[in-house]
Amino acid sequence: MKSPILKNKMPPRACRLLIWITTFCSFVVVGTADRDCDVTYSSRTTKGAKFASPNWPQAYPNNKRCVYKFVGLSSERVKIRFNKFNLQGMSPDCRNDYIDVYIQLTSPNDALLDAELLGRFCGDDMQEDLPQLIISTNNVIVIIFFSDGTKTDEGFQGYFEFIDAWALVTPGGCSYTINSKERNKGYIVSPTYPGTYPNNLHCTYEFHGIPGQRIKLTFNDFSIFHGDDYCPFDYVKIKDGRQQTYAEDIGVFCGKYTDVTLFSSREFLFVEFVTRSGRVSFDENSLDDIADYKFDRSGFNISYEFSTEFIRFDLRITKEATHVTGTECDVRIISTGGSVGTIESPGYPGEFPKNTTCKCYLDGEMNQGRLEKVNVVFKDFFISGSIQNCKEGFLGVTYEGHRRSTEIDEKFCGHLWPPELTSRDPRMILTFDTHGASKARFMLQYEFLSDYAIPGRPIGQEGECNFLFESKRSHSGTFNSPRHPDNYPPNIECVYIFQPESRNEKLLISFDMFSLNPSADPSPEQSRDPHSRKCLNTTDFLELYEINEADLSENRYYAVSIYCGTKYPAPILAHREIKFRFKAMKNNSFQGFKARYEFVPKSELQKGCGISEILSDGKGGVITSPRFPQKYESRTYCEWKITASRPQNKIMIQLETFKIEGKMVRDGGQGCKNAVLRVQKGKEMSEICGTFNDSELSKTAITSDGDTEVIQFLTSSAALGFKGFKLTWTELHISGGPCYGFKCQTTGHCISPDLKCNQLPNCGPVDKSDEICRPLASSHGPTPEKVQVVHIVIGTSISVFFCVVLLICGVYHRKKFRPRDRHSPETDNVEVRYVAATSGSNTTDRLLTIDKSESNRSSVQTPEKTEIARDHTGHNAEVKKVFNEHENGPGDQNSLRHNHTVISQEKPSTSTNPRPVTAPKIQKVSIV
């Protein structure tokens with residue numbers, strides 16, 4: 001159907017011509033167009049230009065499929081670099097929009113379904129998800145752009161260029177031969193270098209020289225995908241020899257390298273380059289193709305050189321010397337067991353190689369049966385330069401070649417000969433550097449010696465594992481099993497002797513590591529007995545001896561303890577010379593042990609306790625750790641020797657509180673590593689450590705075999721400090737007759753009666769009868785406890801009686817003589833006393849009146865003065881008393897009391913006295 005506009009009105013001829021020209025020009029671009037967005041770029045038209053996604057720089061449209069073809073001449077390669085890239089999607093899935101890149105096509109019309117795909121790319125992170133540079137293996141690259149119907153993004157823009165293939169790719173393709181007769185120097189590169197190399201390549205490079213020549217390879221640029229240390233995906237393998245022979249591998253390389261130089265030992269060399277697809281990095285969290293292009297896969301650029309001038313050490317002087325494959329002049333000398341030989345610098349004593357670095361590896365034996373170290377003595381030496389800086393060449397020494405092969409510990413130059421040198425592990429590395437030197441030469445003798453990696457001074461015959469540790473040489477240090485921390489060799493015996501300088505020094509030993517044969521762990525019965533001889537019948541062991549100073553013979557040591565398995569020995573304190581003997585059986589090899597020793601003055605060890613002798617009085621006592629209940633200190637030694645009051649009695653030890661670092665174990669482990677409580681029982685010492693709860697404390701008791709008990713507490717220099725311990729000791733009375741003290745109900749022990757009810761455990765495990773404090777019947781009459789109770793009751797009763805009497809007297813006295821209130825009128829009174837004269841006396845009877853007024857004043861009146869006061873109303877009060885004499889005489893007081901009369905007050909009258917006086921009441925009448 002035609003458009004209405006065209007149907008109604010046709011455009012003029014000029015407009016139709018313009019439309020035709022515009023349409024034609026839209027198809028005539030640098031390349032030719034397929035469909036609406038397919039483009040082909042040809043080298044015949046341009047050598048380089050930009051290309052972009054549809055509608056660039058606007059967002060590309062949905063549902064597009066565009067093909068970009070880049071076709072060069074047969075002698076050219078296509079080089080592409082993206083400047084902008086932003087397509088919807090997420091690598092590596094790319095489920096929305098993406099581009100597919102093909103770089104291994106031989107023709108632009110090759111079927112893409114059968115072609116090798118370089119990769120599918122999307123997202124917006126060019127550095128992570130896109131190759132930085134793409135170069136074709138031939139002269140064609142095809143890029144297919146696809147967008148779905150969901151959403152669009154910015155798109156992409158890049159630059160393409162057609163370049164000369166001979167400038168980048170080795171002639172002959174991916175497998176070729178390089179002959180020194182044609183070219184002595186040159187370089188080889190990987191296909192598509194410096195662009196991303198393609199997948200599934202297998203390229204070979206064979207170098208053929210003439211006899212006497214050697215080949216030198218230098219890595220100018222090397223970037224091969226690194227999947228793991230063993231290069232599981234892409235790699236370059238270099239062999240010292242021809243491909244067809246069993247040539248020794250110089251190395252397999254992947255990852256990034258610069259300035260690496262390799263040498264062949266002869267005139268042939270073979271290089272192999274292999275790539276694969278489906279790369280993953282084992283360093284990534286996600287094992288997928290995302291790792292494929294995060295690594296710069298630009299390939300390699302390696303230069304080569306054929307020459308007869310490359311040097312090497314003279315290997316004729318020693319049969320143990322071999323050339324180190326891949327190096328110019330490095331030599332390895334491997335001991336065959338105590339080997340001895342001579343090493344000379346290259347060209348010695350004449351010309352030396354300038355600007356060269358050569359290394360000599362001296363490798364001693366390191367197997368299950370033997371461990372060696374190397375000793376070097378110089379016979380001639382001169383390297384120009386100052387010994388302060390050695391800038392004009394040097395001889396470097398690495399003492400621990402196995403552990404630190406790339407580090408130089410010491411450098412020597414000048415005319416002074418270096419001192420005698422000894423390695424600290426089985427390998428010593430000598431580095432001979434002549435860069436800048438005007439003269440350089442040396443000659444030395446080497447000898448491989450037995451080495452057990454034990455820091456003491458070797459004694460005895462060469463090869464024997466005997467070592468001496470003297471206080472005058474070193475006051476502290478370590479000693480260990482042979483080759484520790486590596487496994488000790490089987491079927492070996494070593495001796496360690498420790499000699500204090502004086503009697504004021506003590507030797508403190510603690511173990512940082514202990515792992516002999518685990519099958520030799522002590523049984524439950526042995527767990528507290530470090531002296532068990534059962535270790536001798538099982539497997540590897542460490543035995544402790546002390547010297548018998550009274551014995552002057554050679555075998556004057558006697559065994560003290562023996563240790564085996566994996567349980568750490570407790571700290572050891574020696575007062576004299578000691579010896580350890582380590583024995584490994586034929587088929588055993590384990591990590592062994594490491595211990596530290598200290599020669600410590602006695603004053604530094606005895607912190608707060610020292611050595612104490614306790615003579616028992618037949619009862620018992622309490623012993624605590626230093627500073628209890630606070631933390632004990634490190635390097636502490638305490639000893640208590642308790643002797644019973646009678647030879648037949650024994651001493652029993654019970655724990656009341658116990659918290660010492662460590663743990664009592666039966667199947668190996670830390671044990672009493674840094675702190676221990678030792679309790680002697682006969683000739684044996686029980687070792688205790690850890691934390692005990694109440695149930696464990698009640699079950700723990702140790703009884704001496706004789707009348708003496710020795711208790712020792714020892715902490716190492718590494719002890720952290722815990723609460724410590726509190727223990728009770730009790731003398732057990734042993735007799736054939738009855739117990740005259742207190743007999744424990746459960747254990748049957750006979751102890752002193754003074755220990756009853758002392759709030760301490762004295763009867764033994766699970767027996768608390770000594771703490772039952774109620775009275776008990778006795779067939780022997782009143783016990784001292786009963787008599788004591790009666791005395792207390794009587795004394796208390798008497799005291800209470802006297803207190804009650806005193807309280808009653810006090811109350812009575814208070815009521816009788818308490819002060820009265822003078823401010824109340826009711827309390828004003830008059831006390832009248834009649835004093836009668838005795839018969840035969842000249843004194844007459846008197847009537848006394850005592851006035852107790854409010855002013856606390858008293859007045860005494862005779863009978864003539866009967867008016868004594870006035871009341872407060874101003875009236876006078878008169879008191880008259882009439883006393884009738886009793887017919888029986890004046891002594892009859894009752895008659896007086898019954899016949900006295902009190903005259904009532906008169907009527908009130910006015911008085912001129914302003915002070916009101918209240919008539920007092922007669923309170924008391926008495927006859928005296």
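Author: Buried means under 20% relative accessible area and exposed over 50%, with partly exposed in between. Cys609, at 24% relative accessibility, therefore counts as partly exposed. Please note that the model is predicted.

Reader: Which residue does a disulfide join to Cys609?

Author: A disulfide is a pair of cysteine sulfur atoms within 2.5 Å. Here Cys609 is joined to Cys638, with 1.6 Å from S to S. The link of Cys609 and Cys638 is left-handed, with -70 degrees about the S-S bond. Cys609 lies in the loop between helix 4 (602-605) and strand 41 (610-615), and Cys638 in strand 43, so the pair ties together parts that are 29 residues apart in sequence.

Reader: Is Cys638 buried or exposed?

Author: Cys638 has a relative accessible area of 0% and is buried.

Reader: How many disulfides does a search of the whole structure find?

Author: The search finds eleven. Another one joins Cys744 to Cys763, with 2.0 Å from S to S. Both Cys744 and Cys763 are buried.

Reader: Which residues have the most contacts inside the largest nonpolar core?

Author: They are Phe658, Ile660, Leu677 and Phe725, in a core of 33 residues. Strand 43 (637-643) and strand 44 (650-660) are among the elements that give two or more residues to this core. Strand 44 gives the most, with five residues. Ile660 touches residues including Tyr632, Leu677, Cys689 and Phe725.

Reader: What share of the whole chain counts as buried?

Author: Of its 928 residues, 45% count as buried.

Definitions and conventions. Residues are numbered from 1 along each chain as its sequence is written. This is a predicted model: local features need pLDDT of at least 70, side-chain atom pairs count only at pLDDT 80 or more; totals for chains, interfaces and linings use all residues. Side-chain values use heavy atoms; hydrogens and water are left out. Buried means under 20% relative accessible area, exposed over 50%, partly exposed in between (1.4 Å probe, protein chains only). A nonpolar core is a set of buried Ala, Val, Leu, Ile, Met, Phe, Trp, Tyr and Cys residues joined through side-chain atoms within 4.5 Å. Helices (H or I, at least four residues) and strands (E, at least two) are DSSP runs, numbered from the N terminus. Contact means heavy atoms within 4.5 Å. Lists of a residue's contacts leave out its neighbours within four places in sequence.
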